[in-house]
Amino acid sequence: MADDKNAKGPQDRSRVAMGEDYEVRYWTNRFGVNRDQLQDAIDAVGNDVDAIAAYLNK
């Protein structure tokens, strides 16, 4: 089944999907960072939300 593009948040809240604009908007807002900072965190620790939060100290 395809993702519902009208959804307000990510389908799997434990992972960040940088390929989906609506997820990038959600997570950048949630963490208070820009897209580049979010990508840097993912490059450093992977796309697990808890790991990203720890990396960003959020």
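This is a predicted model: local features need pLDDT of at least 70, side-chain atom pairs count only at pLDDT 80 or more; totals for chains, interfaces and linings use all residues.

Reader: How many aromatic pairs does a search of the whole structure find?

Author: The general idea comes before the count. A pair of aromatic rings is described by the distance of the centres and the angle of the planes. In this structure, the search turns up two aromatic pairs. One of them joins Tyr26 and Trp27, with ring centres 4.8 Å apart and planes at 90°. Planes over 60 degrees apart count as edge-to-face, so the pair of Tyr26 and Trp27 is edge-to-face.

Reader: Which kind of pair do Trp27 and Phe31 form, and what is the angle between the planes?

Author: Trp27 and Phe31 are stacked, with 25° between the planes and 5.6 Å from centre to centre. Trp27 and Phe31 are about one helical turn apart, because they are four residues apart in helix α1. Taken together, Tyr26, Trp27 and Phe31 make up one aromatic cluster.

Reader: Thr28 has a polar side chain. Is Thr28 buried or exposed, and what does its side chain reach?

Author: Thr28 belongs to helix α1, which spans residues 21-31. Its relative accessibility is 15%, so Thr28 counts as buried. The side chain of Thr28 reaches the backbone oxygen of Val24, at 2.8 Å.

Reader: What is Thr28 in contact with, leaving aside its neighbours within four places in sequence?

Author: With those neighbours set aside, the contacts of Thr28 are Val33, Asn34, Arg35 and Leu38.

Reader: Where is Glu23 found, and is Glu23 buried or exposed?

Author: Glu23 is also in helix α1. Its relative accessible area is 5%, so Glu23 is buried. For a distance to another part of the chain, take Asp12: Glu23 and Asp12 are 11 residues apart along the chain, and their C-alpha atoms are separated by 9.8 Å.

Terms used:
Residues are numbered from 1 along each chain as its sequence is written. Side-chain values use heavy atoms; hydrogens and water are left out. Helices (H or I, at least four residues) and strands (E, at least two) are DSSP runs, numbered from the N terminus. Buried means under 20% relative accessible area, exposed over 50%, partly exposed in between (1.4 Å probe, protein chains only). A polar contact is a pair of N or O atoms within 3.5 Å; within protein, one must be able to donate a hydrogen and the other to accept it, and residues adjacent in sequence count only if both atoms are side-chain atoms. Contact means heavy atoms within 4.5 Å. Rings of Phe, Tyr and Trp (its six-membered ring) pair if their centres lie within 6.5 Å; planes under 30 degrees apart count as stacked, over 60 as edge-to-face and the rest as tilted.
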